[in-house]
Amino acid sequence: MKIATVVGHVWATKKESSLTGFKLMVVQPLMGGEGYVAADVVGAGIGERVLVVDGSTARRALGSDSCPIDCAIIG
């Protein structure tokens, strides 16, 4: 689990059907490093600090082990 700040959102004209209903947000880790994209399951907004999980934990947060996501905002 990592703490990050939401710095933007991804605008997708087409995306995988299993991601319907989830926003894709750009997050910047507080401990440094490059930003990355995470699926938002809590309704976070730009400028907010969030908790991000990755790997299989992120897929479980979305409710499906087959969902094509590697990072999710869970809090």
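Author: Cys67 counts as buried, at 5% relative accessibility; buried means under 20% relative accessible area, exposed over 50%, and partly exposed in between, with a 1.4 Å probe and protein chains only. Cys71 is buried as well, with a relative accessible area of 12%. A search of the whole structure finds 0 disulfides, a disulfide being a pair of cysteine sulfur atoms within 2.5 Å. Cys67 is in no disulfide, and its nearest cysteine sulfur, that of Cys71, lies 12 Å away.

The model is predicted: local features need pLDDT of at least 70, side-chain atom pairs count only at pLDDT 80 or more, and totals for chains, interfaces and linings use all residues. Residues are numbered from 1 along each chain as its sequence is written, and side-chain values use heavy atoms, with hydrogens and water left out. The mean pLDDT (the predictor's confidence in each residue, from 0 to 100) is 89 for the chain, and 100% of the residues reach 70 or more.

Cys71 belongs to the largest nonpolar core, which has 10 residues, among them Ala4, Val6, Val27, Val50 and Ile73. Such a core is a set of buried Ala, Val, Leu, Ile, Met, Phe, Trp, Tyr and Cys residues joined through side-chain atoms within 4.5 Å. Strands β1, β2 (23-29), β4 and β5 each supply at least two residues of this core; strands are DSSP runs of E with at least two residues, and helices are runs of H or I with at least four, numbered from the N terminus. A second, separate core has 7 residues, including Leu19, Phe22, Ala39 and Leu62.

The strands form a closed barrel of 5, in the order β1-β2-β3-β5-β4, with mixed pairing. Two strands pair if DSSP finds at least two bridges between them. Strand β4 (residues 49-54) and strand β5 (residues 71-73) are paired in the antiparallel sense over 3 bridges, and Val53 has Ala72 in β5 as its bridge partner.

Confidence is highest in strand β1 (residues 2-9), at a mean of 96, and lowest in helix α1 (residues 56-61), at 86. Thr5 is located in strand β1 and counts as buried at 19% relative accessibility. Leaving aside neighbours within four places in sequence, Thr5 is in contact (heavy atoms within 4.5 Å) with residues including Val26, Leu30, Gly47 and Arg49. With residues up to four places away in sequence again not counted, Ala4 touches Val27, Pro29, Val50 and Val52, among others.
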